[in-house]
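Take a walk through this structure with the model open beside the text.

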Amino acid sequence: MSVLTSGEFWAFVGVVAGVYTILTLGLQIEFGYAGLLNFGHVAFMAVGSYTMAILVVKSGWSMWLAAPVAVLASSVAGVLLGLATLRLRADYFAIVTIALSEIVRYVATNEDRLTGGSQGTINLAGAEEASDYNGQWQRFQDWFQEALHLGSKDVAMLLLVWAAALVLTALVALSARTPWGRVLRAIREDEDAARSLGKNVFAYKLQALAFGSALAGIAGLFYAWQFAFFSPADFAPLLTFFAWMILILGGVGRAWAVPVGALVFGVIFAGTRFFEFAPFTWFDSAERAYLRLMVIGLVLIGLILFRPQGLLGRREELVLE
Amino acid sequence: MSALLEVHDVVRSFGGVRAVDGASLDVEAGSITSLIGPNGAGKSTLFNIVSGFLRAEAGTVTFEGRRIDRLPPHRIAQAGLVRTFQTARALARMTVLDNVVLAAPRQPGERLLRNVVGAGATRRREREVRLRAQELLALVRLDGHADELAATLSGGQRKLLDFARALMTEPRLVLLDEPMAGVSPVLRGELLEHVVSLREHHGVTVLLVEHDLEVVMGVSDRVVVMSDGAVIAAGPPDGVRSDARVVDAYLGVEA
């Protein structure tokens with residue numbers, strides 16, 4: 001149980017929850033506001049991580065320039081997906097997005113020369129060359145830690161991720177309250193009605209994808225900075241569904257529900273790692289890893305049964321037709 | 001003088017069935033025109049073509065002298081031709097007020113960045129639009145429900161909401177798709193009054209689709225009758241009622 005009381009461990013859990021918050025904010029815009037069923041969200045996170053790392057390692061860019069360009073690349077990828085597939089009906093769109101995210105992952109796995117292949121970013125510059133995209137970020141993090149007299153690097157990262165996550169949450173919450181956000185909600189409710197009132201539904205869906213994918217790209221940056229190494233396996237479809245779980249857990253259509261959902265998810269997901277009491281001790285650690293997923297599944301089922309609107313959602317919005 | 005809306009020789013088929021087969025009609029500015037016909041006559045298809053929700057295979061649709069038959073629905077709405085739906089399309093999880101406010105044209109804040117750059121204009125327009133929406137809600141006597149979710153409204157109230165929303169777009173022509181369908185007799189009278197007041201007080205031209213001739217007799221200046229995808233008669237209500245072809249079409253289907 002000692003790890004459960006270690007600050008370092010919980011700082012790590014907090015960092016991951018922060019990254020998930022940013023990732024899930026993108027889904028909140030796309031699904032919570034515009035009603036787009038995107039099951040390939042993780043692809044845009046991958047585009048963000050890889051674009052940044054490749055530009056730094058292969059093209060020698062400053063990370064501070066590569067990072068915004070990477071976010072832009074994620075956003076553009078979202079628009080391209082939309083242009084190709086938004087004319088499909090909602091359920092077909094959902095299927096195509098899963099396929100897209102797998103295509104991105106397979107390309108990253110197989111295009112060794114571009115991405116380092118299945119070995120990940122360690123192989124980015126080729127087998128003999130050192131490939132480090134993270135130096136500038138580490139120096140910034142050290143400086144930040146010094147400046148604030150923080151006890152550890154992990155706490156510095158925790159503060160940085162959550163500063164970004166909260167600013168972005170506020171941004172999403174504010175944008176939802178604008179006339180722009182109102183049009184998105186109208187599209188979620190009834191596309192044809194929105195069309196009949198003069199709203200260009202296609203253009204708004206593209207904008208939602210552009211915004212949502214940019215957020216996924218930002219999540220990708222923090223993910224890359226936190227781990228200093230990543231590989232295609234990090235962007236498996238499971239991550240998209242973690243984001244969906246957080247969205248449902250927190251509440252669909254509420255920006256501030258996202259950080260709450262991400263924290264609850266993070267604590268459950270990490271906490272279940274240390275179920276070192278019966279009945280969990282009946283199983284070995286590998287089996288326990290699967291039990292964690294089951295526990296999370298049960299929590300989600302319980303939530304759907306007893307609080308289908310999520311922790312912060314409005315029930316009336318769910319029961320009314 | 002040319003009419004406000006001109007539909008000329010429009011054709012549309014669905015898998016071999018010609019739902020609309022060379023239909024033509026005019027709607028004069030300032031009139032209330034009713035498009036009637038038995039079920040399956042092609043009224044709704046024609047209606048969807050005029051409002052841009054369906055493409056015509058042949059023929060032209062002209063609104064205020066401008067071709068609109070290749071325009072998407074939102075552009076047609078922006079041009080001043082707004083439609084309602086047979087079953088009212090309330091945006092259920094938005095407030096009644098937001099349903100109406102949404103429909104306002106010229107809100108710069110519908111571009112995301114205009115809420116940051118030039119936010120003043122967005123706020124000013126929002127104030128204007130909210131006042132106007134309150135007025136329209138008062139007109140259809142839904143002002144007491146402004147802050148409730150539209151999902152809480154009854155079917156009849158949703159029709160009224162649709163109506164207020166359509167007016168909010170500042171239209172010159174309103175297409176009403178069976179506004180009386182599924183509405184209680186009491187509310188029918190109220191809706192008909194609103195239709196008449198559209199022209200009287202708002203200077204809006206009305207084209208309404210209805211399958212029951214009697215419902216629209218009293219309010220229509222002109223009745224256009226469709227059967228089997230084509231227009232078979234058009235004229236003042238009394239003349240149309242006694243037209244042998246119209247009697248045939250109705251009896252022929254119902255017999």
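At what angle do the axes of helix α2 (residues 42–57) of chain A and helix α3 (residues 63–85) of chain A cross? They cross at roughly 145°, and the axes come within 8 Å. Axes here are lines fitted to C-alpha atoms, for helices over the stretch in contact, and angles run from 0 to 180 degrees between N-to-C directions. Helices (H or I, at least four residues) and strands (E, at least two) are DSSP runs, numbered from the N terminus.

A word on the source. This is a predicted model, in which local features need pLDDT of at least 70 and side-chain atom pairs count only at pLDDT 80 or more, while totals for chains, interfaces and linings use all residues. Residues are numbered from 1 along each chain as its sequence is written, and chains are lettered from A and ligands numbered from 1 in the order in which they are written.

Back to the helix pair. The crossing of α2(A) and α3(A) is right-handed. A crossing is left-handed if the near helix is turned anticlockwise from the far one by less than a right angle, and right-handed if clockwise. From α2(A), the residues that meet α3(A) include Phe44(A), Val47(A), Gly48(A) and Thr51(A). From α3(A), they include Met63(A), Ala66(A), Ala70(A) and Gly78(A). Two residues are in contact if their C-beta atoms, placed from the backbone, lie within 7 Å. By class, this contact of α2(A) with α3(A) has 13 nonpolar, 4 polar and no charged residues. Ala, Val, Leu, Ile, Met, Phe, Trp, Tyr, Cys and Pro count as nonpolar, Asp, Glu, Lys and Arg as charged, and the others, Gly among them, as polar.

Now look for helix α8 (residues 179–189) of chain A. Of its 11 residues, 11 are buried, so α8(A) is largely enclosed by the rest of the structure. A residue is buried if 20 or more other C-beta atoms lie within 10 Å of its own, exposed if 12 or fewer, and partly exposed in between. The buried residues of α8(A) include Trp180(A), Arg182(A), Leu184(A) and Glu189(A). They pack against α1 (7–33), α7 (153–176), α9 (191–196) and α10 (201–227) of chain A, together with α3 and α4 of chain B.

A nonpolar core is a set of buried Ala, Val, Leu, Ile, Met, Phe, Trp, Tyr and Cys residues joined through C-beta atoms within 7 Å. The largest one has 163 residues. Among those that touch the most other members are Val19(A), Met52(A), Ala219(A) and Ala164(B). The largest share of this core, 16 residues, comes from α10(A). Leaving aside its neighbours within four places in sequence, Val19(A) is in contact with Val161(A), Ala219(A), Phe222(A), Tyr223(A) and Gln226(A).

Next comes the contact between the chains. It takes 29 residues from chain B and 23 residues from chain A. On the side of chain B, the elements that give two or more residues are α2 (73–78), β6 (81–83), α3 (96–102) and α4 (119–139). Of these, α2(B) gives the most, with 4 residues. By class, this side of chain B has 12 nonpolar, 9 polar and 8 charged residues.

Gln78(B) sits in helix α2 of chain B. Gln78(B) is partly exposed, with 18 other C-beta atoms within 10 Å. Beyond its neighbours within four places in sequence, Gln78(B) is in contact with Gly198(A) and Pro105(B). The C-alpha atoms of Gln78(B) and Pro105(B) are separated by 7.5 Å, although the two are 27 residues apart along the chain.

Step back to chain B as a whole. Chain B has 9 helices and 10 strands. Its radius of gyration, taken over C-alpha atoms, is 19 Å, close to the 18 Å that the globule rule gives for 255 residues, so chain B is as compact as a globular protein of that length. The globule rule is 2.2 Å times the number of residues to the power 0.38. Buried residues make up 44% of the 255 residues in chain B.

Two loop residues end the tour. Arg141(B) lies in the loop between α4 and α5 (155–168) of chain B, and its phi is near 60°, a positive value in a residue other than glycine. Arg141(B) is exposed, with 12 other C-beta atoms within 10 Å. Glu170(B) lies in the loop between α5 and β7 (173–177) of chain B, with phi near 55°. Glu170(B) counts as partly exposed, with 15 C-beta neighbours inside 10 Å.
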